[in-house]
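Please open the structure in your viewer and work along, one step at a time.

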Amino acid sequence: MIIAANWKMNLTIREAKPLVNSIKKYKGRNKVILCPTFTLLPEMAGMLKKSRISLGAQNCHFEQKGAFTGEVSPLQLKDVGVSYVIIGHSERRSCNAFNPDYNRILSKKIHSAINAGLIPIICIGETDEQRKKAQTKKIIKKQIEASVPKKGKYIVAYEPVWAIGSGKTPTREQIEDIHEYISKLVPGTKILYGGSVNEKNCKEIASISGVSGFLVGGASLEANKFKKIMHV
Ligand code: 13P
């Protein structure tokens, strides 16, 4: 299993340190990846140096350097010890909802991340409105076809937008059905589930066929909860 923590825009260095200290000795069989905000990355990289836990970022630009004020490049992420990068999270897609070209930008980011030696975690998923109109598979197919690279290593995270931070999760059958659908589009790719994963439901979700791990938001900010998820 791959257990990735998306800390989103949370924690200062002072707040993150005790959390990392309490989990960094992890010796379990799962691959654990922490994705803090940019400002925490150098400090976290130092803390995780001798640990089996890897570091990820939450976004990157599609160029490696240049006049792009406020952006961070894949090369710069690699430079501070980052190995993974989340791309196309729904919270970033929604900031760019009015850009009809955004899927193409995501595709450029993914290529650029792979070129810099990072492994992208590509997020896809339907909104509640799309789900109610029975468009889930159509949306997922469109997101995958528009952004997933032909070459290079990557991970896909299926995160139904309506399940994120809501305490709601799809049924076992729904998760299995969508993961199977995605695996037919991108055979051999690891597919994570994300959206209200917590210490109570992680065992059940991990047992669903086609689920290779989780992308965890809220529950990754509390050591006791995240430790249980890490050991799933
Ligand atoms: P929650 O686990 O808080 O629902 O967030 C999921 C998520 O968006 C991870 O990327």
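## Exercise 1: the ligand shell

Of the 13 residues around the ligand, Lys8, His89, Gly165, Ser196 and Gly218 come nearest; a residue belongs to this set if one of its heavy atoms lies within 4 Å of the ligand. Before we start, note that this is a predicted model, in which local features need pLDDT of at least 70 and side-chain atom pairs count only at pLDDT 80 or more, while totals for chains, interfaces and linings use all residues. Residues are numbered from 1 along each chain as its sequence is written, and side-chain values use heavy atoms, with hydrogens and water left out.

Task: find which atoms of asparagine 6, histidine 89 and glycine 218 lie by an oxygen atom of the ligand.

Solution. 
- Step 1. Start with the side chains: a polar atom of asparagine 6 lies 3.0 Å from a ligand oxygen, and one of histidine 89 lies 2.8 Å from a ligand oxygen. Polar contacts here are pairs of N or O atoms within 3.5 Å; within protein, one atom must be able to donate a hydrogen and the other to accept it, and residues adjacent in sequence count only if both atoms are side-chain atoms.
- Step 2. Turn to the backbone: an N or O atom of glycine 218 lies 2.8 Å from an oxygen atom of the ligand.

## Exercise 2: a helix with two sides

Task: decide which residues of helix H10 are buried and which are exposed.

Solution. 
- Step 1. H10 spans residues 223-230, and Ala223, Phe226, Ile229 and Met230 are buried in it. Buried means under 20% relative accessible area, exposed over 50%, and partly exposed in between (1.4 Å probe, protein chains only). Helices (H or I, at least four residues) and strands (E, at least two) are DSSP runs, numbered from the N terminus.
- Step 2. Seen down the axis, the buried residues of H10 fall within an arc of 125°, so they line one face of the helix; the arc is that of the directions from the helix axis to the C-beta atoms.
- Step 3. On the face turned away from that buried side sit the exposed residues Asn224 and Lys228.
- Step 4. The cover over the buried residues includes strands S1 (2-6), S2 (31-35) and S8 (213-216), together with helices H1 (13-23) and H9 (202-206).

## Exercise 3: serine 220

Solution. 
- Step 1. Serine 220 counts as buried because its relative accessibility is 1%.
- Step 2. Its side chain reaches the backbone oxygen of glycine 217 at 2.7 Å, and a polar atom of that side chain lies 3.3 Å from the backbone oxygen of valine 216.

## Exercise 4: serine 166

Task: is serine 166 buried, exposed or in between?

Solution. 
- Step 1. Serine 166 lies in the loop between strand S6 (155-158) and helix H8 (172-185).
- Step 2. Serine 166 is partly exposed, because its relative accessible area is 34%.
- Step 3. The side chain of serine 166 reaches the backbone oxygen of tryptophan 162 at 2.8 Å and the backbone nitrogen of lysine 168 at 3.1 Å.

How values were computed
Contact means heavy atoms within 4.5 Å.
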